[in-house]
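Here is a note for a colleague who is opening this entry for the first time. Please keep the view beside the text and check each point as you go.

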Amino acid sequence: MTLGTVPAQAEFLPLALLSDGGLVGELLEVRRRVACLEARSAVLLAEVERRGIPAEEGLGSATPWLMDRTGDPAGLCAGRVQVARSLRHMPRTREAFASGDLSEPRVRLLAAARNFAPAFFSRDEGLLVDQARTLPSTLFPRALAHWRRL
C-alpha cells in the first residue's frame with residue numbers, strides 16, 4: 001500500500017444514521033486502521049533514522065527531527081523513536097501492529113518489556129503478543145509485570 005491509496009479525507013455516514021452497533025463497529029474499525037497507520041509510521045521512521053536523514057538535515061538525531069517535522073512534543077517523539085527502534089527486533093509485535101491487532105499503547109508496553117530483557121523477550125514474544133491481543137487493558141500491564149519478575 002502507498003499513502004496515495006488512503007483517502008486524505010474519508011467520507012463517513014452522519015452519526016445520526018448509524019445504529020448503536022454500527023457506531024461501535026465503525027469506532028473499532030477506525031482504531032484498527034489507526035494502528036495500521038501508526039505501525040507504518042514506525043517502520044518509516046526507523047528507515048529515516050537508518051538512512052541518517054536527521055543528521056543530513058542538521059538535526060542530529062531522530063527525535064528532534066521528528067519534533068521539527070511534526071510539531072509534536074519531545075516526549076511523544078522520543079517514544080515514537082524508541083518504538084521504531086525496538087520494532088526492528090520484534091517481528092511478531094511488528095506483524096500484529098501492522099495488521100491492526102495491537103494498538104500503539106500496547107506496542108509501547110511490549111517495547112518496554114523488550115528493553116528490560118531482550119533475550120527473554122525474544123524467547124517469549126509470541127506468548128506476550130498473544131496476551132497483548134487478548135487480555136483486557138487492566139490485566140495486560142499486570143501480566144507484563146509478572147513476566148518481568150520471572
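1. Start with Thr63. Thr63 sits in helix H3 (helices are DSSP runs of H or I with at least four residues, strands runs of E with at least two, both numbered from the N terminus). Thr63 is buried, at 18% relative accessible area. Buried means under 20% relative accessible area, exposed means over 50%, and partly exposed lies in between, with a 1.4 Å probe and protein chains only. Leaving out residues up to four places away in sequence, Thr63 touches Ala74, Cys77, Ala78 and Val81. Contact here means heavy atoms within 4.5 Å.

2. A word on the source. This is a predicted model, in which local features need pLDDT of at least 70 and side-chain atom pairs count only at pLDDT 80 or more, while totals for chains, interfaces and linings use all residues. Residues are numbered from 1 along each chain as its sequence is written, and side-chain values use heavy atoms, with hydrogens and water left out.

3. Now the overall layout. The protein has eight helices and zero strands. Read from the N terminus, the elements run α-α-α-α-α-α-α-α. The C-alpha trace spans about 50 × 45 × 25 Å along its principal axes. Of the 150 residues, 29% are buried. Take the contacts between residues at least 6 apart in sequence: 55% of them join residues at least 24 apart.

4. Which residues of the largest nonpolar core touch the most other members? They are Leu87, Leu102, Leu110 and Phe121, in a core of 30 residues. A nonpolar core is a set of buried Ala, Val, Leu, Ile, Met, Phe, Trp, Tyr and Cys residues joined through side-chain atoms within 4.5 Å. At least two residues of this core come from each of H1 (20-50), H3 (62-70), H4 (74-87), H5 (91-98), H6 (104-116), H7 (118-134) and H8 (140-149). H1 gives the largest share, six residues. As a general rule, nonpolar side chains in soluble globular proteins tend to be buried together.

5. Look at Leu87 next. Leu87 belongs to helix H4. Leu87 is buried, with a relative accessible area of 3%. Not counting residues up to four places away in sequence, Leu87 touches Ala42, Thr93, Arg94, Phe97 and Val107. Leu150 is 63 residues from Leu87 along the chain, and their C-alpha atoms are separated by 23 Å.

6. How do H1 and H4 cross? Their axes come within 8 Å and cross at roughly 85°. Axes are lines fitted to C-alpha atoms, for helices over the stretch in contact, and angles run from 0 to 180 degrees between N-to-C directions. H1 and H4 are therefore roughly perpendicular to each other. The classes are: under 35 degrees roughly parallel, over 145 roughly antiparallel, 65 to 115 roughly perpendicular, the rest oblique. Glu38, Ala42, Leu45, Ala46 and Glu49 of H1 meet Arg80, Val81, Ala84, Arg85 and Leu87 of H4. By class, this contact has six nonpolar, no polar and four charged residues. Ala, Val, Leu, Ile, Met, Phe, Trp, Tyr, Cys and Pro count as nonpolar, Asp, Glu, Lys and Arg as charged, and the others, Gly among them, as polar.

7. Turn to H6 and H8. Their axes come within 11 Å and cross at roughly 5°. That makes H6 roughly parallel to H8. Arg106, Leu109, Leu110, Ala112, Ala113 and Phe116 in H6 meet Phe140, Pro141, Leu144, Trp147 and Arg148 in H8. The residues of this contact divide into nine nonpolar, no polar and two charged.

8. Then Ser103. Ser103 lies in the loop between H5 and H6. Ser103 is partly exposed, at 30% relative accessibility. Ser103 touches Ala35 and Phe97, leaving aside residues up to four places away in sequence.

9. Last, the cysteines. Cys36 is partly exposed, with a relative accessible area of 21%, whereas Cys77 is buried, at 0%. How many disulfides does a search of the whole structure find? The search finds zero, where a disulfide is a pair of cysteine sulfur atoms within 2.5 Å.
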